[in-house]
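Work through the exercises below with the sequence and the 3D view at hand. Try each task before reading its solution.

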Amino acid sequence: MENNMAFTIPAWVPEGAQRYLAHTETGRSIRDIARSAGCHASTILRQIRRIEMRRDDPLVDAALQSLAETHFSVSECADGPTSGSENAVEEEFENEALRVLRRLSETGSVLAVAEEMDKAVVVRDTGNAGATRTAVVECRIAQALALKDWITCDSPGRISRYRISAAGRTALSHLIAKAENKARAGTDFGFAEAQSSFQGKPSGGSAERVKRIRYSAVESPLIALSRRRDRDGKPFLDDSLVSAGERLREDFELAQIGPPVSQNWDRFLTTGGRSSFASESHGGKGASDAKDRVARALSDLGPGLSDVALRCCCYLEGLELAEKRMGWSARSGKIVLRIALQRLKRHYQEQAERDRMIG
C-alpha cells in the first residue's frame, strides 16, 4: 500500500485516532505525521500510545477495526465518499449521540454491551434490584461514543457496562445547544428537523407557540416524580408506570431517526385542533413502526390523557409548564399524568396479549 495514497476518514473521529490509523494502517512514519500536523514527533507518539492502550476496551478496539476496514482500503482511496455523504454520516452520528447521551445522563443509567451482539441497550437502575430499558443503540454508534471517550467502561467483560464520562456530559451540552440553535435559525436537519416538525404552526401568530417544545431537558419528569413518596412512603409512580412512559418516549425518539417523515403530533394535543383520534396512514416509504406505535398509544389514551403523556413523556415538559399550557390548576398535573400512565400501561399489556394471540 502506497504511503502517499489519499484516504478519507469521518470528521467525528478524534484527532489522536486519525493519527493512530494513519500510522498503523498506511505505514506513515511518526515524523512524517508530525510534519503534516505541525507539531513535535513526541506529541504524535504520545497520542498513538494512548490509543494503543485503549484497545483493551472492546468498543474502542471494534471502532478502530471498523474504521481501518472501511476507510483505509484501496477501494476507499479510489472511490472516496462525497462531501454530501460525509455530512450525512456526521449528522447521523450527532443525532444518535444526542439521543444516547441524554439517556446515559439520567441517574443510574448504563450502556450494556454484550459480546457479538449488533445492538446495545441503555438501562436505568430503578431500585429494588430492578432495571428499565430506556434506549436501544446500534453497536457502531456505541463504538464511536467510546472512541471519542464520551463513555467509559471500568471492567470490560462478556457484558460490558459503560457510563457517560465528563467529556460526554460536556458533549451533550454542546449537542443540545447546537440542536436548539438550528431550530431557532430554521435550518434544522436530522434530530432538530424532526423536533421542529412536531411543533406545528404557531396559532394566532404567537411566537411563544414556536418555542413551546424545546426537548432539551436531561432527565424525564417521570423519573423526578417517581422519587416522590406518598404518606405511606410508597413512590408516587411505581416502576411499571415509569416503564410504560419510558416505552412511549423510546418509540417517540426512534420515530425521529432516519429520513424525515411528516408527522403532526400536535393533533394529540387539546390546543392542536384535533378532529379525530384515528391513526393516520403510514403506508409511504418513510413509514416507521415506531411512529405507528406512538400514534396507536396516544389514540388509545384519548383527549386530555394523550396531552399530558405527549408533553411529559415525549416532549419532556415539566409538570408545572404542562399545567400552565393546558390551563389546569396547580398540582393537578401529576394526578392526570398518573392516570395517563395507568392507561398507557394497560394499552401495552393489551397489545402484548393481542400479539400473543396472533402469534
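A residue counts as buried when its relative accessible area is under 20%, and as exposed when that area is over 50%. The model is predicted.

**Exercise 1. The sides of H2**

Task: Find which residues of helix H2 (residues 30-37) are buried, and state where they sit around the axis.

Solution. 
1. Ile30, Ile33 and Ala34 are buried.
2. These residues cover an arc of only 100° around the axis, so they lie on the same side of H2.
3. Turn to the face that points away from the buried side. Exposed residues are found there: Arg31, Arg35 and Ser36.
4. Look for the packing partners. The buried residues of H2 pack against helix H1 (15-26) and helix H3 (41-53).

**Exercise 2. A covered helix**

Task: Determine how many residues of helix H14 (residues 305-314) are buried, and list the helices that these residues pack against.

Solution. 
1. Count the buried residues: 10 of the 10 residues in H14.
2. Name some of them. They include Leu305, Asp307 and Arg311, along with Cys312, Cys313 and Cys314.
3. List the partners. The buried residues of H14 pack against helices H11 (221-226), H12 (239-254), H13 (289-301), H15 (319-326) and H16 (333-358).

**Exercise 3. A helix pair**

Task: Describe how H1 packs with helix H4 (residues 58-71).

Solution. 
1. Two packed helices are described by the angle between their axes and the distance between the axes.
2. Read the values for this pair. H1 and H4 pack at an angle of about 60°, and their axes are 11 Å apart.
3. Classify the angle. It makes H1 oblique to H4.
4. The crossing of H1 past H4 is right-handed.
5. Name the residues that make the contact. H1 contributes Ala17, Tyr20, Leu21 and Glu25, while H4 contributes Leu64, Leu67 and Ala68.

**Exercise 4. The surroundings of Gln143**

Task: Locate Gln143 and find which residues it is in contact with beyond its neighbours within four places in sequence.

Solution. 
1. Gln143 is in helix H7 (residues 139-147).
2. With a relative accessible area of 16%, Gln143 is buried.
3. Gln143 and Val60 are 83 residues apart along the chain, and their C-alpha atoms are separated by 5.9 Å.
4. With those sequence neighbours left aside, Gln143 is in contact with Leu59, Ala62, Ala63 and Ser66.

**Exercise 5. The whole chain**

Task: Summarise the protein chain by its helices and strands and by its buried residues.

Solution. 
1. The chain has 16 helices and 5 strands.
2. Of its 359 residues, 44% are buried.

Terms used:
Residues numbered from 1 in each chain as written. Predicted model: local features only at pLDDT ≥ 70, side-chain atom pairs only at ≥ 80, totals over all residues. Heavy atoms only, no water. Helix = DSSP H or I, 4+ residues; strand = E, 2+ residues; numbered from the N terminus. Buried < 20%, exposed > 50% of the residue type's maximum accessible area, 1.4 Å probe, protein only. Contact = heavy atoms within 4.5 Å. Arc of directions from axis to C-beta. Axes fitted to C-alpha atoms, helices over the stretch in contact; angles between N-to-C directions. Parallel < 35°, antiparallel > 145°, perpendicular 65-115°, else oblique. Left-handed = near helix turned anticlockwise from the far one by under 90°.
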